[in-house]
Amino acid sequence: MTPGRPVPPPLGKPLVVSDETADPTPSAPSAPQGSPTLAAAYGATSAVSGLVPLTVARRVPKEDDVEIEIDFCGLCHSDVHATRGEWGVQSYPLIPGHEIVGRVRSVGSAVDDFAPGDLVGVGCLVDSCRECGSCLEGLEQYCERGNVGTYGVRDARNGDSVTQGGYSTSVVVDRRFVLRVPEALDPAAAAPLLCAGITTYSPLRYFDVEEGDVVGVIGLGGLGHMAVKIAKAMGARVVVFTTSEAKFEAAIELGADDVILSKDPEAMEGANRSIDVIIDTVAAPHDLNPYFRTLRLNGALFQLGLPPADMPPVSPGALIRRRLSYAGSLIGGIAETQEMLDFCAEHGIVSDVEVVTARQLNEAYDRMVAGDVKYRFVLDTKTLQPASEKADA
């Protein structure tokens with residue numbers, strides 16, 4: 001285990017023009033020709049509207065754009081928070097979805113790394129400044145000027161329009177933020193890898209988890225079940241912490257080597273100084289101090305879940321006495337996400353999913369809030385209604 005392992009080289013390189021063909025006085029890029037494409041979608045028109053049929057206008061592809069016909073889009077709990085206005089003021093109408101898998105429909109004139117028919121994906125990002133230190137290091141998720149999310153964010157490079165996500169039949173994305181999905185992966189089950197997969201892969205990779213390491217996973221939901229699968233594929237011994245004895249069998253089926261009932265003080269004491277890195281996926285306030293006691297010298301706890309209220313205080317003594325790290329981690333950059341997809345294909349890893357129709361979306365949201373999903377929902381976009389003749393977004 002080596003903290004701070006560098007990420008792969010960035011994929012989002014600028015378009016290259018040779019010295020021989022370069023125009024010494026280049027003109028401004030020509031305006032895209034044609035009309036926006038109308039795509040069927042589902043989204044929210046207000047914080048209380050629920051998800052309803054909508055039509056979204058997708059921009060005319062530019063020279064470095066990829067137009068994607070969406071087949072599947074995963075449902076993330078953050079979609080629920082966003083559409084219901086639980087993360088502050090939101091712009092409506094809003095079409096969520098940032099776990100997109102589909103086939104390339106067309107490419108711009110400057111795109112030579114994708115072709116029509118390719119199986120591709122789009123995750124949580126569709127742009128960044130591409131110039132700051134983070135972007136140049138392949139860490140677009142930490143863009144110092146603010147990255148552009150797949151939905152609900154103003155896109156300065158495209159007329160300041162608000163991005164709209166993957167609960168739709170198509171999307172147009174700059175080629176730098178399009179990922180190649182290995183054909184070996186089931187496209188529906190691969191969709192959540194674009195969020196849940198990379199969110200758990202990135203901190204495990206940062207700590208260079210390898211054979212002989214022990215990884216703890218707090219919580220066994222959408223993120224937790226991916227953390228178990230990925231850590232196990234990296235060669236680690238995996239220990240799941242859960243408050244529910246009912247999840248013991250499921251954890252073992254997913255590949256966990258041991259399961260600890262976190263509300264049992266004796267069981268927690270028995271795990272003292274036994275774990276190298278913990279992935280905390282719980283999005284509700286909980287006391288971290290008992291988990292710090294399970295970490296070995298130089299161990300780390302990565303917070304991935306984002307609770308809506310303050311967490312109980314962390315005891316500095318728990319960190320100081322073992323030189324522990326308490327850290328956060330946000331999805332992953334484009335190059336790292338591609339690496340994750342290739343890793344998952346090599347090891348046969350996908351998410352455990354339940355595919356839903358458009359008409360089941362609101363029910364799926366309610367079930368997500370209730371924790372009634374094992375472990376991710378995925379929308380089949382073929383079940384969307386036909387687009388209307390006028391765009392709503």
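Start with the open sheet of six strands, ordered β14-β13-β12-β15-β16-β17 with parallel pairing. Strands here are DSSP E runs of at least two residues, helices H or I runs of at least four, both numbered from the N terminus. Two strands pair if DSSP finds at least two bridges between them. This is a predicted model, where local features need pLDDT of at least 70, side-chain atom pairs count only at pLDDT 80 or more, and totals for chains, interfaces and linings use all residues. Residues are numbered from 1 along each chain as its sequence is written, and side-chain values use heavy atoms, without hydrogens and water.

Select the edges: β14 (258-261) and β17 (325-328) each pair on one side only. From one strand to the next, the twist averages 20°. Now show β16 (residues 295-303), which pairs with β17 in the parallel sense over four bridges. Pick Ala300; its bridge partner in β17 is Ser325.

Next, select helix α4 (residues 196-206) and helix α10 (residues 334-347). Their axes, lines fitted to C-alpha atoms over the stretch in contact, come within 10 Å and cross at roughly 100°. The two are therefore roughly perpendicular (65 to 115 degrees). Show the contact (heavy atoms within 4.5 Å): α4 gives Gly197, Ile198, Tyr201, Ser202 and Arg205, while α10 gives Glu336, Thr337, Glu339, Met340 and Phe343.

Note on methods
Axes are lines fitted to C-alpha atoms, for helices over the stretch in contact, and angles run from 0 to 180 degrees between N-to-C directions. Angles under 35 degrees count as roughly parallel, over 145 as roughly antiparallel, 65 to 115 as roughly perpendicular and the rest as oblique.
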